[in-house]
Amino acid sequence: MMAWFRNRRSKANGSGEPAPDYAALREAMVEEQLVARGISDARVLEAMRAVPRHVFVPDELMPLAYTDQPLPVGEGQTISQPYMVAVMTEALELAGDERVLEVGTGSGYQAAVLARLAREVFTIEHREALARAAIERLVRLGISNVHVRIGDGTLGWPEQAPFDAIVVTAAAPRIPPPLLEQLVEGGRLVIPVGDEHQQELWQVRKHGAQISTRVVNYCRFVPLRGQYGWPEAGNQ
Ligand code: SAH
C-alpha cells in the first residue's frame, strides 16, 4: 500500500517539487470545512480524517483534493465537495453495524468513508469505467467491506436488500420506489431531490407504508440516470 502511495506521489510531482503534505491538508479540511460548519458526529469526522481523498481524484488534481469544492473525476462526473460528503454521511446516522447501499459510486470516495462507519457497503455505478477505477482504488487501499456493482442504481440491489441506510449521490427527480422498498423499517434514505440545477437534500425515514422527510441542506449534484432518474441527454 505504501509503495503505491509513493508511486502516485512521485507521478504527480514529476517536476521534482516536494509532495504536498496530504495528511496536514486533510486535517485542515476537517477543521475548517467540516467542524467549523457544524459537522459534529465524531465518527464521521474520524472517517474523513482517515480516508486519503487525494487517491480518489485524477493525478493532476491531487494538489486540489482537499479544497472546498467538487472535482471532476472523468466522464462528466464529479467527486462531491468534502462538506457535502460529510453532511450526507452524518444524515445516515450510522452506528457501525449497518448494511448501507450507495447509488452513484463515482470515484469510490464516499464508499471508502462509509466503509469505516458501517459493516458492509454496497455501491452501484452505471458507468463501467468509473466503477472499474473505483474498484481498483478500493482494492489498493485494502478496503474489503465495499462491494461494487455496475448497473442502474435506481433499481437498488434486490439480492442484498434490505439496507439499514441508503444514500443517493446524484440528483433525483423523485424518490425511486425500489429504494424505499429495500429500506428496513426505521431506515434512512438520504437523497438530493429537485430539478437538474438545484436540489434539496432529503433525509427520508421509513415507517411502514409511511415516510417522514426532513430537508437537511441545499445542493447541486450531477443528474441521476436510469429507470427512475432523468432521461439521458447528449453524452451525460
Ligand atoms: N459518490 C461519488 C460521487 C458520485 S457523482 C464519489 O464519492 O465520488 C454521481 C455518480 O452517479 C456518477 O458517477 C454517475 O455516473 C452515477 N450515476 C448516475 N445515475 C446512476 C444510476 N442510475 N445508477 C448508478 N449510478 C448512477
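Tutor: Pro162 is found in the loop that runs between strand E5 (146-150) and strand E6 (163-168). Strands here are DSSP runs of E with at least two residues, helices are runs of H or I with at least four, and both are numbered from the N terminus. You are looking at a predicted model, in which local features need pLDDT of at least 70 and side-chain atom pairs count only at pLDDT 80 or more, while totals for chains, interfaces and linings use all residues. Residues are numbered from 1 along each chain as its sequence is written, and side-chain values use heavy atoms, with hydrogens and water left out.

Glu75 is not a glycine, yet its phi is positive, about 60°. For background, most residues other than glycine have a negative phi, and most peptide bonds are trans.

Rolling a probe the size of a water molecule over the atoms shows where empty space is left. The search uses a 1 Å grid over the protein atoms alone: a cavity is a set of points where a 1.4 Å probe fits but cannot get out, a pocket is an open set with protein on both sides within 12 Å along at least five of seven lines, and lining residues have an atom within 4 Å of a point. Grid points are joined across faces, edges and corners, and a volume is the space filled by probe spheres set on the points.

How many cavities of 30 Å³ or more does the structure hold? There is 1, and the largest cavity has about 390 Å³ of space. It is lined by 32 residues, with Gly104, Thr105, Glu125, Thr169 and Ala170 the closest to its centre. Two or more lining residues come from each of E2, strand E3 (99-103), H5 and E4, and E2 gives the most, 3 residues.

What takes up the space of the largest cavity? The ligand does; a molecule sits in a cavity or pocket if more than half of its atoms lie within 2 Å of its grid points. Strand E2 (77-79), helix H5 (109-115) and strand E4 (120-125) are the elements that give two or more residues to the shell around the ligand.

That shell has 27 residues, the closest being Glu102, Ser107, Glu125, Gly153 and Arg225; to be near, a residue needs a heavy atom within 4 Å. By class, the shell has 8 nonpolar, 14 polar and 5 charged residues. Here Ala, Val, Leu, Ile, Met, Phe, Trp, Tyr, Cys and Pro count as nonpolar, Asp, Glu, Lys and Arg as charged, and the others, Gly among them, as polar.

Next come polar contacts, pairs of N or O atoms within 3.5 Å (within protein, one must be able to donate a hydrogen and the other to accept it, and residues adjacent in sequence count only if both atoms are side-chain atoms). A ligand nitrogen is 3.0 Å from a side-chain N or O atom of Glu102. The side chain of Thr169 also has an N or O atom 3.2 Å from a ligand nitrogen. His126 takes part through its backbone, where a polar atom is 3.3 Å from a nitrogen of the ligand. On its own the ligand has 580 Å² of accessible area, and the protein covers 99% of that; such areas come from the Shrake-Rupley method with a 1.4 Å probe, and for residues only the protein chains shown count as cover.
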